[in-house]
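Visitor: I am new to this structure and would like to learn how to look at it. Could you walk me through a few features?

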Amino acid sequence: MKTLGIALVLGALGFVGLAQGELVAQADALFTEVWLSPYDPATLGELRAKLESAIDLYLKALNLDPQNTHILTMLSRSYYTLAAVVLPAKEKRGGHEQGQIYGERSLRTSAEFVQVEKEKGFVEAVRTSTDVEALYWTYANWARKVELGGALGLIAAALRGDDKKLNALMSRCLELDRDYLAGGPLRALAGYHAKHPFNKDYEKARKLLQEAMEKHGDYLENAFFYVQYYLIPKELWAEGEAVLEKISAAPIEPYPLMNSYCQFKAAQLLVEVQGKK
């Protein structure tokens, strides 16, 4: 009987593992399908449905393994993609809040992170992390959530110390892999320096973005951020117009979703820049 009981338990665990693996595989496939789809305002409903289905599958898999870092990080990334690209303005903040929650949960699957955070705080704990993806998507959602609060939101975030936590997250990313997601840490930290309410540094933003553009010119957001966070603040309108026109004419491969969405934003920003000349 004891042997039979052990066999039943092992069989149940194997079934749970198989079920979780299938759920994650389906969710990963849906996310990849969205990631490889071009952005089109006419098909946003379809993109939203696929992302929300992926999120639902990840959540079901998470119930079977609450400490799974891949699931937690993909939830953070999926919520970011949903909020940043698909959701209407009034729903974006809520999406990024969820993305931040799952990103932080992924970071806290590390026992060392939890212990250091308890003893020395979040910033010191971040310095122990080696999980670039969890660090990056936690930052991406958190920073975008703060940005959506406008000027007052940026000031409030700095006053409560969020800026130090955000800087720690992306500085650690930069140490670990500055080329993650086509220079993601470079452009993210550039945005941080360009938007800080009390300590803007456009020169640091310029250097980071120039490195990103030189190494990853096929990811169009690097050039878009260069316009947004350096050329426009410096009122270099003609140069900004030229870069935006170049973005609009560039191929969207190998990042169809994000590059086509960047072209959509570039077209809107181009009208504003041309009006300043």
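**Reading the features**

Guide: Let's begin with a salt bridge: in this predicted model, Glu91 forms one with Arg48, and their closest N and O atoms are 2.8 Å apart. This pair links distant parts of the chain, since Glu91 sits in helix α4 and Arg48 in helix α2, 43 residues apart.

Visitor: Which other residue does Arg48 form a salt bridge with?

Guide: Arg48 also pairs with Glu52, again with the closest N and O atoms 2.8 Å apart. Because Arg48 and Glu52 are 4 residues apart in helix α2, about one helical turn separates them.

Visitor: Are these side chains buried, partly exposed or exposed?

Guide: To read this, look at relative accessible area: under 20% is buried, over 50% is exposed, and partly exposed lies in between. Arg48 has 25%, so it counts as partly exposed. Glu52, at 36%, is partly exposed, and Glu91, at 29%, is partly exposed too.

Visitor: What do the side chains of Lys60 and Asp56 form?

Guide: They meet in a salt bridge, at 3.4 Å from N to O. Both residues lie in helix α2, 4 residues apart, which is about one turn of the helix. Elsewhere, salt bridges that share partners join Arg178, Asp179, Glu211 and Lys215 into one network.

Visitor: How many salt bridges are there by this rule?

Guide: The count comes to 19.

Visitor: Now for helix α4. How can I check its length against its number of residues?

Guide: The idea is to compare an expected span with the distance between the end C-alpha atoms. Helix α4 covers residues 89-107, and at 1.5 Å a residue its 19 residues should span 27 Å; the end C-alpha atoms are 28 Å apart, so the two agree.

Visitor: Which residues of α4 are buried, and what covers them?

Guide: Among the buried ones are Lys92, Gly95, His96, Tyr102 and Leu107. Their cover includes α2, α3, α5, α6, α7 and α9.

Visitor: What about cysteines: how many disulfides does the structure hold?

Guide: It holds 0 disulfides. Cys173 is buried, with a relative accessible area of 0%, and Cys262 is buried as well, at 1%.

Visitor: Which residues form a nonpolar patch on the surface?

Guide: Leu152, Ile155, Leu159 and Phe198 do, with about 460 Å² of accessible area together. Leu159 belongs to helix α8, residues 150-159. Its relative accessibility is 66%, so Leu159 counts as exposed.

Technical notes. Residues numbered from 1 in each chain as written. Predicted model: local features only at pLDDT ≥ 70, side-chain atom pairs only at ≥ 80, totals over all residues. Heavy atoms only, no water. Patch = residues over 30% accessible without salt bridge, like charges linked within 9 Å, V, L, I, M, F, W, Y side chains within 5 Å. Areas by Shrake-Rupley, 256 points an atom, 1.4 Å probe, with all protein chains shown as cover. Salt bridge = Lys/Arg side-chain N within 4 Å of Asp/Glu carboxyl O. Helix = DSSP H or I, 4+ residues; strand = E, 2+ residues; numbered from the N terminus. Buried < 20%, exposed > 50% of the residue type's maximum accessible area, 1.4 Å probe, protein only. Expected span 1.5 Å × (residues − 1). Contact = heavy atoms within 4.5 Å. Disulfide = S-S within 2.5 Å.
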